[in-house]
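This report describes a two-chain complex, beginning with the contact between the chains and ending with the confidence scores. The sequence and the structure come first.

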Amino acid sequence: MIRVVLPTHLRTLARIDGEVELVLEGQITQRSVLDALEARYPVLCGTIRNHVTKQRRPFMRFFACEQDLSLEPPDAPLPDAVASGAEPFLVVGAIAGG
Amino acid sequence: MVDGEHLGKLKREEGMSGIRVLVGTRKGAFVLTSDGKREQWEVSGPHFAGWEVYHMKGSPADANRLYASQTSGWAGQVIQRSNDGGKTWEAPGGGVTTSPEGFPRGESNKFVYDTTPETGKPLTTHQFYDGTQHPWEFKRVWHLEPSLSDPDTVYAGVEDAALFRSSDGGKSWQELPGLRGHGTGPKWQPGAGGMCLHTIILNASDPERIFIAISAAGAFRTDDAGKTWKPINLGLKSQYIPDPAAEVGHCVHHLAMHRSRPSVLFMQKHWDVMRSNDAGESWQEVSGNLPTDFGFVIDVHAHEPDTIYVVPIKSDVEHYPPEAKLRVYRSRSGGNEWEALTKGLPQRNCYVNVLRDAMSVDSLDPCGVYFGTTGGQVYASADAGDNWAPIVRDLPAVLSVEVQTLP
């Protein structure tokens with residue numbers, strides 16, 4: 001089971017309480033996690049990744065296991081701790097402003 | 001057949017029972033409601049708290065069907081829809097799918113420019129701030145204009161400038177690519193707020209005719225329901241562009257039209273208040289005795305087609321009222337002769353702005369006029385502008401105000 005933590009705005013938008021739990025088969029990657037997330041919550045399409053290019057939106061970042069994974073290739077395997085559900089995959093809105 | 005004006009009179013005689021003011025702000029949406037007296041108001045919200053709501057508007061064909069443009073620099077564009085007058089909202093095509101197999105077709109937020117060969121491969125670059133050509137990039141929906149007859153059909157004006165239409169209640173959107181593709185696209189350029197299509201005017205007497213306006217490209221008209229478009233900017237003069245009388249490139253801030261007289265248009269340009277008597281074929285300046293003719297909003301009285309309203313702003317650098325006095329100016333002659341309306345409005349130390357979509361009128365008699373400010377006030381006048389009072393004073397900066405007159 002994959003655990004995904006979304007920022008407040010997106011949890012409110014998708015009417016999600018707490019973490020999202022996704023059951024995935026095969027290799028666990030950013031792409032497979034986000035595909036499954038958007039499959040369950042279609043309203044999130046376009047909010048984390050571009051609708052067409054599937055590129056990460058500029059102010060959305062991905063973290064797990066205290067690592068910034070935002071610039072990792074979308075098909076790179078996520079850490080084992082994410083794949084096992086021991087650690088969540090974090091979608092974070094970049095902090096900006098003063 | 002009962003035409004719009006006659007229907008309006010009938011409803012006035014019967015006594016309309018309520019007003020709903022839809023307010024989009026920098027940090028959410030608010031719905032303000034009152035009975036026909038327009039004295040006591042209830043405020044609900046914020047809806048979509050923390051998100052920018054550029055615009056909300058109700059369907060003329062179903063007063064309880066509302067559309068809202070919810071947007072964020074982080075998470076992009078979301079279209080919201082209400083079927084109960086704003087009490088509850090849903091993202092069309094959203095919800096939760098129970099099966100993760102297969103990719104969803106939740107298309108509610110999807111605005112993709114049409115570049116297919118079948119529609120003529122619309123031009124895909126426009127002029128950027130530095131004069132170079134830049135590809136069109138979707139950013140947000142500035143304005144939603146529901147169909148006059150079908151609650152499920154709605155138009156969206158977007159940044160970068162283009163016109164989209166949904167015929168399934170906001171679930172899926174298709175561009176009307178003839179606008180971007182008609183030939184002048186490479187000369188369009190962003191204004192300070194971005195390159196946005198911010199005004200859409202539909203026409204009850206001729207459904208094939210639509211007016212739109214873009215900052216900074218100008219005004220455009222279609223006479224075939226959006227297949228083909230023509231610039232309608234003859235007579236505009238803008239000193240800040242290389243050719244002040246160019247066919248396109250003008251920073252039009254807003255257009256207004258009275259439904260009973262669809263060939264007469266009023267325009268608040270960056271500078272200059274303009275009028276056209278021939279559906280935009282030509283324009284004449286009607287700024288007259290205004291203290292400054294810079295501004296954003298312009299609107300028309302519900303029952304007097306020659307009574308128009310603007311809120312002069314000092315300049316394109318100083319976005320606040322001249323002399324720090326918030327004044328609505330009214331012309332009862334379709335322009336040129338203006339009177340300041342000040343009763344109930346702050347006349348000292350006022351430094352707010354009134355943005356382009358932040359004024360609207362109701363169709364009661366006397367006509368109600370409403371506008372919102374970047375300081376978070378929404379002012380209302382129940383007597384066509386003679387007297388004003390704030391409905392609310394401390395909302396986030398107001399981006400848009402629309403009014404529904406409820407049966």
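## The contact between the chains

Two residues are taken to be in contact if their C-beta atoms, placed from the backbone, lie within 7 Å. The model is a predicted one. By that cut-off, chain A brings 20 residues to the contact and chain B brings 23 residues. On the side of chain A that touches chain B, the elements giving two or more residues are α1 and α2 of chain A. The largest share of that side, five residues, comes from α2(A).

By residue class, the side of chain A that touches chain B is made up of eleven nonpolar, five polar and four charged residues. For the complex, the predictor reports an ipTM of 0.90 and a pTM of 0.93.

## Helix α2 of chain A

Helix α2 of chain A covers residues 30–40. Its buried residues are A:Gln30, A:Val33, A:Leu34, A:Ala36, A:Leu37 and A:Glu38. These buried residues pack against four strands of chain A: β1, β2 (20–22), β3 (60–64) and β5 (89–93). The helix α2(A) also provides five residues to the side of chain A that touches chain B.

An α-helix has 3.6 residues a turn, so residues three or four places apart point the same way. Among the buried residues of α2(A) are A:Gln30, A:Val33 and A:Leu37.

## Overall build of chain B

Chain B has one helix and 29 strands. Its radius of gyration is 20 Å, close to the 22 Å that the globule rule gives for 407 residues, so chain B is as compact as a globular protein of that length. The C-alpha trace of chain B spans about 60 × 55 × 50 Å along its principal axes.

Of the 407 residues of chain B, 53% are buried. Among the contacts in chain B with a separation of 6 or more, 51% join residues 24 or more positions apart.

## The sheet β3-β2-β1-β29 of chain B

One open sheet of chain B has four strands in the order β3-β2-β1-β29, with antiparallel pairing. Its edge strands are β3 (42–47) and β29 (398–406) of chain B, each of which pairs on one side only. Neighbouring strands of this sheet are turned by 15° against each other on average, direction ignored.

Strand β1 of chain B, residues 18–25, is mostly covered, with seven of its eight residues buried. It pairs with β2(B) in the antiparallel sense over eight bridges, and these two strands form a hairpin with two residues between them. One bridge in this pairing sets B:Arg20 against B:Thr33 in β2(B). The pairing of β1(B) with β29(B) is likewise antiparallel and has eight bridges, with B:Leu22 opposite B:Glu402 in β29(B).

Strand β2 of chain B, residues 28–35, is joined to β3(B) by four bridges, and the two run antiparallel. In this part of the sheet B:Ala29 stands opposite B:His47 in β3(B).

## The sheet β21-β22-β23-β24 of chain B

Another open sheet of chain B has four strands in the order β21-β22-β23-β24, and the pairing is antiparallel. Strands β21 (295–300) and β24 (339–341) of chain B stand at the edges, each with a single partner strand, so one side of each is left without a neighbour in the sheet. The twist from one strand to the next averages 30°.

B:Val300 has B:Ile308 in β22(B) as its bridge partner.

## Confidence in the model

Chain A averages a pLDDT of 94, and 97% of its residues score at least 70.

Chain B averages a pLDDT of 92, and 93% of its residues score at least 70. The pLDDT is below 50 over residues 1–14 of chain B, a stretch that has ten contacts in the model beyond near neighbours in sequence.

Key
Residues numbered from 1 in each chain as written. Chains lettered and ligands numbered in written order. Predicted model: local features only at pLDDT ≥ 70, side-chain atom pairs only at ≥ 80, totals over all residues. pLDDT = per-residue confidence, 0-100. Nonpolar A, V, L, I, M, F, W, Y, C, P; charged D, E, K, R; others polar. Buried ≥ 20, exposed ≤ 12 C-beta atoms within 10 Å, placed from the backbone. Pairing = 2+ DSSP bridges. Axes fitted to C-alpha atoms, helices over the stretch in contact; angles between N-to-C directions. Rg over C-alpha atoms; globule rule 2.2 N^0.38 Å.
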